[in-house]
Amino acid sequence: MATTIFPNAHDFHVGEQNFNVHNVYTSSPSTGGPLKELASQIVGGAIYNSAERCDAPKCHPDTRVAVQDDLFSWIVDGDREPEHPRTIKWVTGPAGSGKTAIMGSLADRCASNDLLGGTFFFASWSATIGRRRKAGFVATIAHQLAMRREDIKSAISAAMERNPDIFGKNLRVQMDILILSPLRAVVGPSNGPGLRGAIIVDGLDECEAEQYHDTTRPGSQHVPVRTNAEDQLEILQVLQEASSDPSFPFRILIASRPERVFREFFDPEHNPTILAHKLDLHEHNADTDIALFLEARLNQIRRRHHLPSSWPPPGAIKTLVTYASGQFIYAATVIRYLDMGHREPPKALLDAILNMEANWDSNPHPLKQLDTLYSHILQSSPDPPLSVLWIRTIQELNPAEHSYASNLHLLLQKDAENNEAEHLLGNLHSLIRIPPSNDQATTQYDFYHKSLFDFLEDAGRCGKLHFQTGEFFGFIWDSINQACTRGCDAEIPYPESFLRFLVSLPQFVRPLSTHLKILPTSPGADWWASLTVAYQEHIPSQRMFRALGIVANRRVESGVGLDEDFDRAVEDAIKLANG
């Protein structure tokens, strides 16, 4: 079997170049066998019952019943067109409409009825980079099928033995070798046991593009840059081909926002024979379900905080349902805001929400009230703009090695002695999962919903809380440079985990020439170089950082300001590093 060099290496930074590399395969035999090799390629956090999804949204009891029943009935009985079965169904709706909760609850229901073939829950905000990319998609589905039945497991194992380089192939080849060929061997024989059920794919619109070419070198402007839509379409086409295979016994459910690539793919005029009628959550009135959810959860809060039976006040739930505008994420965020140990009592917090007036009355955006709620919560921080920079930095760096909460604190805090994280984020527990203080050295931050970043990345929605890309990445680079300068002080040693985290960061930050605001000092660059040598990082990266420090000193000595002709300074550093 194939083995890897630099196991699990991906998206690394060498000098001024960025590479997206998943694994480099050799022909040496594997010591763990094909199924162990398969298990090493999966994205465990994307499976419906993974530990990473322990807090994932699920439908509240007695809510979304009609939608779940409709989908489950389709999985079991289809559209009752035996001659031309329509085996792919699209579940769509705007952000916060409850797609992921419905898919999660449906996966549980299918699993309990032995009707679950496999699941993959994409999440662009996840700390697991595999949940953002396509690379592990087919392997993850194949692994779940292998765990379902021994005959499928044996067939997949045999297929991998015959194709030891399979994980270096494209998704179409992986689907054929790892899933379709084994199913043909199992389902094909007339005496083979029957299979049925669903493959559930959630959040496909959150899949981010893999890049296979270096686009940072001079003259690379003509190198094609792959878009998110292209990778999303590739997955759709692979699933379409699978569903057309006579040996593929599963129905496929795909949940996403109504982005263009999905609207075009699921247009009945393009694929009239295999697509079932879409289920648009925007067409299903969710007000009754949201009211049931709010009533149940507000009663829990009332009992927990010993509030009077008259709370919430008359009309409160109706007002909140109106504010929600069919978006479950609004109701869920309200509940977390009231119930997350905020410094004010739930009664005062609810009164503030009920008395809100949505800003931007001229803006017909359907998430206007959610925007107002997000703004209100963020404004409760002592420094809202800095809190936003922290939140966006946490999201960007979560995929890095050792990106634990305590390491992010060391990177971002201006004063290592102050608990700046609690000061900035203490009121924001309804937006961000903050690890307990005794777990922060081994646990990452996490976020509840992608809609928060949709809000923060849209200047028209978040107003003064919006940061341009250059400002945001400049903040990260300033923090890295600050950490390097502190690293020169031997009296304040950094923990081992933080050093490993710091070394890994440049691969997750945009190119220097565009976003770096302050050049590193020469001592800081020397310390960085020593650190990267210690951890056997790539030599060009060390040279680049050291060269930037040298150029900074030269420019100071010559009387040239560091922010004057910055691009020229970076070019000089690149030449020096490569010379």
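At 16% relative accessibility, E234 counts as buried, where buried means under 20% relative accessible area, exposed means over 50%, and partly exposed covers the range in between (1.4 Å probe, protein chains only). The model is a predicted one, in which local features need pLDDT of at least 70 and side-chain atom pairs count only at pLDDT 80 or more, whereas totals for chains, interfaces and linings use all residues. Residues are numbered from 1 along each chain as its sequence is written, and side-chain values use heavy atoms, with hydrogens and water left out.

E234 takes part in a salt bridge with R226, in which the closest N and O atoms are 2.9 Å apart. A salt bridge is defined as a side-chain nitrogen of Lys or Arg within 4 Å of a carboxyl oxygen of Asp or Glu. R226 is partly exposed, at 25% relative accessibility. Over the whole structure, the search finds 24 salt bridges.

Another of these joins the side chains of R257 and D205, at 3.7 Å from N to O. R257 lies in the loop between β8 (251–256) and α8 (260–265), and D205 in the loop between β7 (198–202) and α7 (228–244), so the pair ties together parts that are 52 residues apart in sequence. Helices (H or I, at least four residues) and strands (E, at least two) are DSSP runs, numbered from the N terminus. Both R257 and D205 are buried. A further salt bridge is formed by the side chains of D151 and R149, with an N to O distance of 2.7 Å. Of this pair, D151 is partly exposed, at 29% relative accessibility, while R149 is buried, with a relative accessible area of 17%.

Aromatic side chains were examined next. A pair of aromatic rings is described by the distance of the centres and the angle of the planes. Rings of Phe, Tyr and Trp (its six-membered ring) pair if their centres lie within 6.5 Å; planes under 30 degrees apart count as stacked, over 60 as edge-to-face and the rest as tilted. By this rule there are 13 aromatic pairs. The ring centres of F265 and F266 are 5.1 Å apart and the planes stand at 85°, so this pair is edge-to-face. F265 and F266 are both buried. Ring pairs also link these two residues with W90 in a cluster.

For Y323 and Y330, the centres of the rings are 6.4 Å apart and the planes are at 90°, so this pair is edge-to-face. Y323 is buried at 15% relative accessibility, and Y330 is buried with a relative accessible area of 2%.

Charged groups over aromatic rings were also identified. A charge sits over a ring if NZ of Lys or CZ of Arg is within 6 Å of the ring centre and within 35 degrees of the ring normal. R109 lies over the face of F72, at 4.2 Å from the ring centre. R251 lies over the face of W74, where the distance to the ring centre is 5.5 Å.

The backbone was then considered. Most residues other than glycine have a negative phi, and most peptide bonds are trans. The peptide bond from W311 to P312 is cis, with omega near 0°. P312 is located in the loop between α9 (287–304) and α10 (316–324). The loop between α9 and α10 also holds H306, a residue other than glycine with a positive phi, near 55°. H306 is exposed, at 71% relative accessibility. H402 is not a glycine either, and its phi is positive at about 60°. H402 is found in the loop between α14 (384–397) and α15 (405–412) and is partly exposed, with a relative accessible area of 23%.

For the protein as a whole, the secondary structure comes to 24 helices and 11 strands. Of the 579 residues, 52% are buried. With contact defined as heavy atoms within 4.5 Å, 75% of the contacts between residues at least 6 apart in sequence join residues at least 24 apart. The protein exposes about 26000 Å², of which carbon and sulfur atoms supply 50%. Accessible areas come from the Shrake-Rupley method with a 1.4 Å probe; for residues, only the protein chains shown count as cover.
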